[in-house]
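Subject: Structure handover

Dear colleague,

Here is the structure I said I would pass on. My notes on what was found in it follow below.

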Amino acid sequence: TLHLRMPRHCENALKDATYLENHDKVAWVNYPGLKSSKYYELAQRIMPNGTCGVISFGLKGGRNAAEVMMDKLELAAIVTHVADARTCVLHPASHTHRQMNDEQLREAGVNPDLIRFSVGIENADDIIADLEQALAAI
């Protein structure tokens, strides 16, 4: 069903990335569908119907802020995979790479505040509401 879901994944991800980019607690957002992305022009040329459903972002407050936000998410499932129909999220520093300190994470190319957000096909406003309530806890 991926070919049926991708338009919704892309549409939702662009809305969510735009929300995150404009949030005062978010330090950075990496999503090729955003005009601020260094990949925007390339993405528009080779993926004119939508870029992808995965957003990476970091929070002001670093690793601790990311851990707090992750604990407060209600709609998004904390899992390690992407392209699910449901919204999935992962904070590598406290999950898959939890045995590493911040210096080791950086050496491995993983920012301690990095959150990988794989946007599902739920209503975009519901996803944003979940992000909003989780970010409010920081």
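In what order do the 5 strands of the open sheet stand? The order is 1-2-5-4-3, with mixed pairing. Strands here are DSSP runs of E of at least two residues, helices are runs of H or I of at least four residues, and both are numbered from the N terminus. Two strands pair if DSSP finds at least two bridges between them.

Before the details, some notes on the basis. This is a predicted model, in which local features need pLDDT of at least 70 and side-chain atom pairs count only at pLDDT 80 or more, while totals for chains, interfaces and linings use all residues. Residues are numbered from 1 along each chain as its sequence is written, and side-chain values use heavy atoms, with hydrogens and water left out.

Strand 2 (residues 54–59) has 5 of its 6 residues buried, so the rest of the structure largely encloses it. Buried means under 20% relative accessible area, exposed means over 50%, and partly exposed is in between, with a 1.4 Å probe and protein chains only.

The antiparallel pairings are these:

- Strand 1 pairs with strand 2 over 4 bridges, in the antiparallel sense.
- Strand 2 pairs with strand 5 (residues 115–118), also antiparallel, over 4 bridges.
- Strand 4 (residues 88–90) pairs with strand 5 over 3 bridges, again antiparallel.

Ser 56 of strand 2 can be followed in two directions. Asn 30 stands opposite Ser 56, and in strand 5 the bridge partner of Ser 56 is Arg 116. Ser 118 of strand 5 likewise has Val 54 opposite and Cys 88 opposite. Phe 57 faces Ile 115 in strand 5.

Val 54 lies in strand 2 and counts as partly exposed, because its relative accessibility is 29%. Apart from residues up to four places away in sequence, Val 54 touches Tyr 31, Val 82, Arg 116, Phe 117 and Ser 118; contact means heavy atoms within 4.5 Å. Val 54 and Leu 14 are 40 residues apart along the chain, and their C-alpha atoms are separated by 9.5 Å.

The largest pocket

The largest pocket holds about 160 Å³ of space. Of the 13 residues that line it, the closest to its centre are Leu 14, Gly 33, Gln 44, Gly 50 and Thr 51. Helix 1 (2–21) and helix 2 are the elements that give two or more residues to the lining, and helix 1 supplies the largest share, 4 residues.

Grid points are joined across faces, edges and corners, and the volume is the space filled by probe spheres set on the points.

By type, the lining divides into 7 nonpolar, 5 polar and 1 charged. Ala, Val, Leu, Ile, Met, Phe, Trp, Tyr, Cys and Pro count as nonpolar, Asp, Glu, Lys and Arg as charged, and the others, Gly among them, as polar.

Thr 51 is in the loop between helix 2 and strand 2. At 12% relative accessibility, Thr 51 counts as buried. Beyond its neighbours within four places in sequence, Thr 51 is in contact with Cys 10, Tyr 31, Pro 32, Gly 33 and Ala 43. The side chains of Thr 51 and Tyr 31 are joined by a polar contact of 3.0 Å. A polar contact is a pair of N or O atoms within 3.5 Å; within protein, one must be able to donate a hydrogen and the other to accept it, and residues adjacent in sequence count only if both atoms are side-chain atoms.

Two further residues

Ser 37 is found in the loop between strand 1 (26–30) and helix 2 (40–46). Its relative accessibility is 14%, so Ser 37 counts as buried. The side chain of Ser 37 reaches the backbone nitrogen of Tyr 39 at 3.0 Å. Leaving aside neighbours within four places in sequence, Ser 37 is in contact with Tyr 31 and Pro 32.

Arg 63 lies in helix 3 (residues 62–72) and is buried, with a relative accessible area of 17%. Not counting residues up to four places away in sequence, Arg 63 touches a list of residues that includes His 91, Arg 98, Asp 102 and Asp 113.

Regards

Definitions and conventions:
On a 1 Å grid over the protein atoms alone, a cavity is a set of points where a 1.4 Å probe fits but cannot get out, and a pocket is an open set with protein on both sides within 12 Å along at least five of seven lines; lining residues have an atom within 4 Å of a point.
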